[in-house]
Amino acid sequence: MRLALLGCGLIAALAWAGCKTPRADFQTLVSASDFIVEGEVRRLGAATLEQVEDTSRTVVVRVDRVLYAPDGFADYTGREITVLLAEGHDVEVGERAVFYTRGWLFGDGIAVVETGVPPGGAPEGLGQIADLKATEGLRARLDAAALVAQGSILRVDSQEGQAPRRTEHDPRWTRVTLDARAVLKGDPRDGELVFLYPASRDVHWFRAPRPAPGLEGVFLLHRRDDLGVAELVVIEPEDVQPIERLSEIQGLLEGK
Amino acid sequence: MRSLNPSLLAVFLVAGAGPLAAQTVRVVNMVPGAQSNETNQDSEPDITVDPNDPNNVVASAFTPNPTGALGTAPIYISSDRGNTWLLNSIVPSGNGMTGDITVALGRNGVLYAGILRGGSSLLMDILRTANYTGAAAMTTLVSRNNVDQPFARMLTGLGGGERDDDLVYVGNNDLATALSATVDQSFDAATAPAPGGFAASVIELRPPFMQDAPPIRPAIHHDGTVYAAFARYQTFTATLDTVDIVVARDDDWGKSATPFSDLTDPSDGLAGRFVAQGISVAWLLPGLGQERVGERLSIAVDPTDSQTVYLAYYDSPSGTDSRVQIRRSTDGGNNWSGSLLSVASALNPTVAVTVRGKVGFAYQVLTGAGAAQRWETHLRTSDDGGATWDDTTLATTPAATPVRAFFPYLGDYMGLAAVGKDFYGVFSANNTPDPANFPNGVTYQRNVDWTANTLRNLANTGTVAVSIDPFFFHVQEIPDDQDFYVRDWTDSATDNDAGLEPSTDPIFFTTSDVWNRRTDAPAPFSANDRPQSEDPQVAVLGDNYAFARVHRKGSGSAETVTLRFLKSEFGTGSNYVDVSATPTDTLTFAAADTVQTMTAGVEWTLNATTSSHTCLAVEITTPNDPLSGPSLVGRAPGWPPAGSNTRTDLIVLNDNNIAQRNMGVHKTSGRGSSIAYHALVHNAALATRDVTLRVIPDERFVGLFKQPVTGVVGGAGRMEGDLLTLPGMRPGENRWVALAVPATSGQGGALYSVSFQELVDGLAVNGFTIAVEPTTVAGAAPEALRLYAEAFLRLGALEGDESAAREGKRALELAGRGEVSPKALVELLRDGSDRQRGLDALLKRPGFADLFGLSGAADRLSKAAEAGDPELVLPGTSDLAQRLDSALTRLDKLRGDLADVRQTVDWQAELYATHPRLCNLPGSAELVERSREFVLAFSAGKVTADDYPGLVEGLFDVYAATVGVVGESLQAELEAMRGALGSAKELQGAHRRFLLLLEAGRR
């Protein structure tokens, strides 16, 4: 209730057209934003960082509430930040608004770039920001995956021989055999599936999941010809999910 | 919150070498305050510094986007010389980080980066942005898969055809082929659409074992010399490589059809010199501490000498150990020293060279054992070519913590740059805020507790775990308040030379802060903050006064600056001499002063036989800010001091303690014939060469006169495009460039100029400017008459001709009346009897050739005077005066030139050291040694031209032996030398003729 009221208040403040913003628009805006705050405009044509030379489109905003922020930046309530306004978005001193932004400069303070203003407003959406951001990474990986399967790891083969190229970034591809019990996306084959993961601890690969025999979960397998491999691969942390998220993943795949 | 370690001064004094002040060291943790919560492994840093403004610094590391966004990764930027830092996420990415990343920034302010794109494997992007503080992502110029370790370096051209162009070189290991060592290069990358002018050049010609190793490192010199170092596999196993270290070189920016092929190896004649062959390099693991190992290379070229190049690399002599070392070549990479310095258990060798030739060698070394192991980061410096080294410990931090998140733990490289006299660098290390870890002090921007030695979170409510952070360091050779400079150029009060080294305008000889006046007052600066220089006057008209304005980069201390003024002939290449026997003065700076202008000049006099067309230079020194090398006395900018292997010597650009003014301004009026303005071109080198001048008219000149009309007097010359070449000039030879400008009237005040740059390897090493100021006949007449008078007075003095002297005095009397009416000018010149008698005597002088067209000029003047038309008389007067002045300079210099004493002795040493028929003569070695000692002593001011006859007299036994070997043709000149021992000037003339015969014999 509180969020809804807040949203309608914002509609008035920003002269939004109403509370009928298409969900996709709002979702796109949230997706493009990684720092979403409610705040009050304190100064126009100003900045909190002296390195911001062009202040023609920047304003200083006092953060009253953080609606979404990455780890490490959640505690910005009460601080002033610099916002580079989106084209066509004009504000006045004293005006309160929700600013959808992405990061720009991080020094003693921070400056952010407004990613846009919801064209139709979305007060009910404000409460969904946290949920949208929480699944954002997973949704992106699901969208990109060539095949999503539920199953358990049968085997992890020892590393293959000499790499064809000598580089400190050699991924050291390692072969994994998955007993696929259900295919949630992609070619609907059950049974054994083979994919690779990079065993390297190099900066390019250290975040990759490292499946072990017996691991049960949901596996997001990708085709990456650009990496020089024909097989399916897992390379990002989101690519191996615990089995407990199965229903959530099924829901995401069904567009719920 | 910015946090200063309270127990240590951030600026810590370290004993410096030589006479300089103690250098200052700053170390700064680069993680911004807003990132106080971060625990990333910010390893493998790189750095670049804006050469136009060293306050602007950009760095990179394996730092993720602070917001977790995946589309971009950040760079570090500073606008206060590294004291504080920002993160700006503008590097395109697929996972919010980058793989390998290096950065390069030039004078145009455009930032380039070579990266492996995050979220990919070996996808190399070459990126560009003209606004690295803005919010827009960098533009991708090149994107290529299967490429490793893009390593970007660049410079912005100073002169020649590359002026202001961004020349960018990205070394990379292109694994698409076995010949994988590659350089992607662009010669004008700042604005062109993708690919930004980039093209890939394979620099490996010998098929290696499968491929080359990852690091390919470029190093660039302003004269167009570009080096690239790489490691070539002979073979490798899973843990051990056998490699050759190879250096390639290109002498023209890499622009030829076969780039990097100018340095070959004698073993096979192929491009790429082997510096080391078959050395062992451990590969990846077990590594050193928590770090992996492998090939690591760094190369840097000396800004003062493109043939001096340093190479540092990693190897594993026993197959498992770790060592870094540095070596040097002083002949363009053909021959290499042994190890100048080697350090065991070390990684990340990185080398850079300052504008004063000081080499910096940074590395990280693992010390101690077990849990007590520490990573120490050192900067070693040497200002004697690596014979001795200073050692600055930048950090000594725990090696066992934090636990590695990924490889590389600290980096496969660290960053080091030299800008001006200073070193700027970046390294990664454990970020525990413990004063004991940073012997030279440190500042943090992120929140810390210095008492508990802990990191604090953003809200300062709890601690944050230790991680790997990037640390910036700046080693400043001379503090700002002691770094004095004379501007090389001024465009306005706000746009001028700020003491950068090298300075940034290749026309560094027309608007500098050294000037001449005919009265002892500096005169006000112009509206655009330039000094108002006057041409020198001959002694009968009065003395001259040399002035300079001196700036310094900061304030805070009272200092006294010594100024020494020098002069040379107007033109290029002429050697400098002191303006007088007492050429020095001092300027006192109070603590708050940043600029001082001399209120009284250094008095100097042009003697009766010397031309008033003169170039002026000043050298300033303090005990803490000496010249970077030998004085200009006895030599010319562009040509190296004795003992140097450099091809070019950018002394005026590279040393902000030196400035020169080489600009002739001539009032003109009337109509009819052109006036020929002359400038002397002297070959200051020790070898015969083609002298090339780039002719640069300003827009105003082109608008009024179209293209400049030039000629060469005293030898051959040819004009092709905008280049005027004087072929085959022998050491010490003089020729004259003539610029013919039609007589033109005007209202005065506007200058129409043509600049001439002396180019060596495409780089402007010296130059001069001729400017005309169209005015009324009455406005131009006094100067024309003065020059006319001076020329005939010179003729009288040089030849003892009374008619010429009378003509000069007659003209001087009229000029001395102040305003010269056109009618009076015509009447004076209508009586041409003394003029003609003086000229006739000169023209009939045995051996005199009328190279400057005196006869024709005199006839034209006589006819104009008879016609009684001032508009014809005035340009005729100027033209004859200019021609006669140059003819007399030539005549005078044929007898000898004290300014060339040092060059002549240096040339003598060169000939006797290298001439196959002379180098083994009895006494030859001693001659070479004594000559070189004399040259060094001359440059140091310990001997003068007065000591020259004594040197020569002591070498006559060797000269006599030379005659015996080379031939009797030398005998006459030898006798001439013997007969000239009473006059250093005439001795120089005879000595040079003797050496010319020797050189001819060699050819």
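This is a predicted model: local features need pLDDT of at least 70, side-chain atom pairs count only at pLDDT 80 or more; totals for chains, interfaces and linings use all residues.
The contacts of Tyr112(B) were examined with its neighbours within four places in sequence left aside. The remaining partners are Ala104(B), Ile126(B), Leu127(B), Arg128(B), Ala152(B), Met154(B), Val168(B) and Ala189(B). In soluble globular proteins, nonpolar side chains tend to be buried together.

The overall build of chain B was considered next. Chain B contains 56 strands and 14 helices. Its C-alpha atoms fill a box of roughly 100 × 65 × 50 Å along the principal axes. The radius of gyration of chain B is 31 Å. This agrees with a compact globule, because a globule of 1003 residues would have a value near 30 Å. Of the 1003 residues in chain B, 60% are buried. Contacts between residues at least 6 apart in sequence were also sorted by separation. In chain B, 67% of these join residues at least 24 apart.

One helix pair was examined in detail. Two packed helices are described by the angle between their axes and the distance between the axes. Helix H5 of chain B spans residues 822-830 and packs against H7(B) at an angle of about 125°. The two axes are 9 Å apart. Angles of 65 to 115 degrees count as roughly perpendicular and those over 145 as roughly antiparallel, so H5(B) and H7(B) are oblique to each other. Their crossing is left-handed. On the H5(B) side, Val826(B), Leu829(B) and Arg830(B) take part. They meet Leu861(B), Ala865(B) and Glu866(B) of H7(B).

Helix H7 of chain B covers residues 854-867 and also holds Lys863(B). Lys863(B) counts as partly exposed because it has 13 C-beta neighbours inside 10 Å. Lys863(B) and Gly876(B) are 13 residues apart in sequence. Their C-alpha atoms are 9.4 Å apart in space.

Chain B also meets chain A. At this interface, 31 residues of chain A are in contact with 44 residues of chain B. Strands S4 (96-106) and S5 (110-116) of chain A each supply at least two residues of the side that touches chain B. The largest share of that side, five residues, comes from S4(A).

Definitions and conventions:
Residues are numbered from 1 along each chain as its sequence is written. Chains are lettered from A and ligands numbered from 1 in the order in which they are written. Two residues are in contact if their C-beta atoms, placed from the backbone, lie within 7 Å. Helices (H or I, at least four residues) and strands (E, at least two) are DSSP runs, numbered from the N terminus. The radius of gyration is taken over C-alpha atoms; the globule rule is 2.2 Å times the number of residues to the power 0.38. A residue is buried if 20 or more other C-beta atoms lie within 10 Å of its own, exposed if 12 or fewer, and partly exposed in between; C-beta atoms are placed from the backbone. Axes are lines fitted to C-alpha atoms, for helices over the stretch in contact, and angles run from 0 to 180 degrees between N-to-C directions. Angles under 35 degrees count as roughly parallel, over 145 as roughly antiparallel, 65 to 115 as roughly perpendicular and the rest as oblique. A crossing is left-handed if the near helix is turned anticlockwise from the far one by less than a right angle, and right-handed if clockwise.
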